[in-house]
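Good morning, everyone, and thank you for making time for this.

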Amino acid sequence: HQIMRSMSTETAVVESAPNHTPPSKDDSITGRYASVMFSTASRSASLHKIFEDMKALSDLYQASEALRAMTENSGLSQEETQKFIKAITSVVSLQPLTIKLIELLSTNKRLVYMNEIAGKYKKLYVELNREEKITIISADQLNSNQQAEVLSALKENPNNVGKHFILEFKVDKSIKGGLILFTESEFMDMSLTSRVNRIRQEVNSL
């Protein structure tokens, strides 16, 4: 059974991108909105500020059924849109650019895409900022010194120069010992259980 242990973050704040260009291209409707938002935020030196807004919108979207229902209403009037924005800003403070995005989406009857656009903007920012989330599973809780050692080992890897890591620590007693590390694209099993299983497979093949 896996238990959330803690989150360790090291994040650099980036407010502008070279040539104000997104680090990757996405020609979908939501991708184009996110890209325009990224370029506009870069020109006003507010990439990270808008990133924080997008995180807040995503969190609200997940937490509030009422907010999700409103985004699915493609026929919001201008007055209803302002009420929608007021409801959001009563909980979180948003940049004027983010408010303009919500207004534009409502006018274009594409408010339903708000959460997906927020997610794609966040992905662009993380890509630019070379942030990488790594989940680390251990058999026992790692103390702060051990967590710091894991972060230090990651940063010492020449392939990780310039990267900023978001580390999520979990506990799973079933791995017996060692560590399991995985990102969105890679998986590394250094657990005692996997070593024992490999030995068993070798013995069984004799």
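This is a predicted model: local features need pLDDT of at least 70, side-chain atom pairs count only at pLDDT 80 or more; totals for chains, interfaces and linings use all residues.

**Helix packing and open spaces**

The helices α1 and α5 are roughly antiparallel to each other, a label kept for angles over 145 degrees, while angles under 35 count as roughly parallel, 65 to 115 as roughly perpendicular and the rest as oblique. Residues are numbered from 1 along each chain as its sequence is written, and side-chain values use heavy atoms, with hydrogens and water left out.

Two packed helices are described by the angle between their axes and the distance between the axes. For α1 and α5 (residues 96-107), the angle is about 150°, with the axes 11 Å apart. In this contact (heavy atoms within 4.5 Å), Y33, M37, T40 and A41 of α1 meet L97, T98, L101, L104 and L105 of α5. By class, that makes seven nonpolar, two polar and no charged residues, where Ala, Val, Leu, Ile, Met, Phe, Trp, Tyr, Cys and Pro count as nonpolar, Asp, Glu, Lys and Arg as charged, and the others, Gly among them, as polar.

How does α1 pack with α6? Here α1 (residues 29-43) and α6 (residues 114-129) meet at an angle of about 50°, with their axes 8 Å apart, and so α1 is oblique to α6. Among the residues in this contact are Y33, M37 and A41 of α1, together with Y121, L124 and L128 of α6. The contact of α1 with α6 divides into 10 nonpolar, three polar and two charged residues.

Let me turn to the open spaces. A cavity is a set of points on a 1 Å grid where a 1.4 Å probe fits but cannot get out, whereas a pocket is an open set with protein on both sides within 12 Å along at least five of seven lines, and lining residues have an atom within 4 Å of a point. The whole structure has one cavity of 30 Å³ or more, and its lining consists of N73, S74, L76, L105, S106, K109, R110 and L111.

The second largest pocket is lined by 16 residues, and I134, L154, T183, E186 and M188 lie nearest its centre. Its lining divides into nine nonpolar, four polar and three charged residues.

Terms used:
Axes are lines fitted to C-alpha atoms, for helices over the stretch in contact, and angles run from 0 to 180 degrees between N-to-C directions. Helices (H or I, at least four residues) and strands (E, at least two) are DSSP runs, numbered from the N terminus. Grid points are joined across faces, edges and corners, and a volume is the space filled by probe spheres set on the points.
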